[in-house]
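Here is a briefing on one protein model.

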Amino acid sequence: MRQGEVASQGKWAGSASGGVKAPEALILPDPVRRFTDTARRLGALADGHPMEEWLRFMMALAQAQHVAATTPAPLAALEYSRVEQAVEARLPPLAAHGYRPEAAWRDGLSRLLDALDSYPLPTQARSVMARLRARDDDAVENLADDFLQGDVEAADSGAVVYVAAALQVYFTRMAASLPASSLRLLPDRGMCPCCGSTPVAGLVTASGRTPGARYLYCSLCSTAWNHVRAVCITCGGSRALSLKATDEDSGTARAETCGDCRTYSKVLYQAKDMTVDPFADDLATLGLDLLVAEAGWSRHAPNPLILIGQM
């Protein structure tokens, strides 16, 4: 597999052999391409989609994230000694749970909201944005803490979608600045090696030296890491796995269900569509989530923008 071939928005770090025996096999995000690639894919998927209006809203959000991610803004320098200590302890160096982002992330939130002003948004979305802008810094930081702790109040669900989007930008930029050669996969291979968050979906590659490898994509910092196929990303079991799909699916998306822990995760197949994007395609395949949920499986972890995505 050539460097960067797994995903256009990444760069290869570590051994190219892949698999669980190569813990360096991860791809750090490229903030310049991450969000614009997602926006482009959402635009293509939205045409004629039953959820076209919502997908176009999410496309606008991704485009605003791109503006925030590519506007020059300083980040605090990483203390590489602390990064190395975390990696040595087999902990994520940017552990999101309990992590306190520097105040600069709020500048990204402001840029994101300003960029959204130029898009034709629903009245409800603009009302939520206005109320969010009216909050003081402490209140906004509390929203960020609630999101990172997974404890969002229903009344805050609309505002937190923008906070979550801004934190995705912040953590993606932070992950991109990590010393790639020092990173290792975590003992729990279903968790992001950079920030410890859960993946939004998995992608099975179709090109490179190791076509058919599966990569999980972090729902927060956009890092991708290799995970062996035919193994449940939740419990590690392999005896009771099966793939589910909707009748209308082209073969691009499947739900990998586990009969042992009764969870499922999305698997996307690049061979079916070379333009597939884990972040966009997960949003566009909610019908698959409904299908397997009705059959009794629980998603391994929510997509944060779907969990709180009230415009």
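Glu102 is partly exposed, with a relative accessible area of 22%. On this scale, buried means under 20% relative accessible area, exposed over 50%, and partly exposed in between (1.4 Å probe, protein chains only). The model is predicted: local features need pLDDT of at least 70, side-chain atom pairs count only at pLDDT 80 or more, and totals for chains, interfaces and linings use all residues. Residues are numbered from 1 along each chain as its sequence is written, and side-chain values use heavy atoms, with hydrogens and water left out.

**Glu102**

- Glu102 sits in the loop between α3 (80–88) and α4 (104–116). Helices (H or I, at least four residues) and strands (E, at least two) are DSSP runs, numbered from the N terminus.
- Leu75, Ala76, Tyr170 and Met174 are in contact with Glu102, leaving aside its neighbours within four places in sequence. Contact means heavy atoms within 4.5 Å.
- Ala76 is 26 residues from Glu102 in sequence, and the two C-alpha atoms are 7.5 Å apart in space.

**Helix α7 and the cores**

- Helix α7 covers residues 157–176, and its end C-alpha atoms are 28 Å apart. The expected span is 1.5 Å times one less than the number of residues.
- α7 is mostly covered, with 20 of its 20 residues buried.
- The largest nonpolar core has 69 residues, and Tyr162 and Phe171 have the most contacts inside it. α7 gives the most to this core, with 14 residues.
- A second, separate core has 17 residues, including Ile27, Leu203, Ala213 and Tyr215.
- A nonpolar core is a set of buried Ala, Val, Leu, Ile, Met, Phe, Trp, Tyr and Cys residues joined through side-chain atoms within 4.5 Å.

**Thr223**

- Thr223 is found in the loop between β4 (214–218) and β5 (224–226).
- Thr223 is buried, with a relative accessible area of 0%.

**Cysteines**

- The disulfide count comes to zero. A disulfide is a pair of cysteine sulfur atoms within 2.5 Å.
- Cys218 is in no disulfide; its nearest cysteine sulfur, that of Cys195, is 3.4 Å away. Cys218 is buried, with a relative accessible area of 0%.
- The sulfur of Cys235 is 3.7 Å from the closest cysteine sulfur, in Cys258, which is too far for a bond. Cys235 is partly exposed, at 41% relative accessible area.

**Whole protein**

- The secondary structure comes to 10 helices and nine strands.
- Of the 311 residues, 52% count as buried.
- Among contacts between residues at least 6 apart in sequence, 65% join residues at least 24 apart.
- The accessible surface is about 13300 Å², and 51% of it belongs to carbon and sulfur atoms. Areas come from the Shrake-Rupley method with a 1.4 Å probe; for residues, only the protein chains shown count as cover.

**Confidence**

- The protein averages a pLDDT of 88, and 90% of the residues score at least 70. pLDDT is the predictor's confidence in each residue, from 0 to 100.
- Among the elements, strand β1 (residues 10–13) has the lowest mean pLDDT (44), and helix α1 (residues 31–46) has the highest (98).
- The pLDDT is below 50 over residues 1–24; this stretch has 67 contacts in the model beyond near neighbours in sequence.
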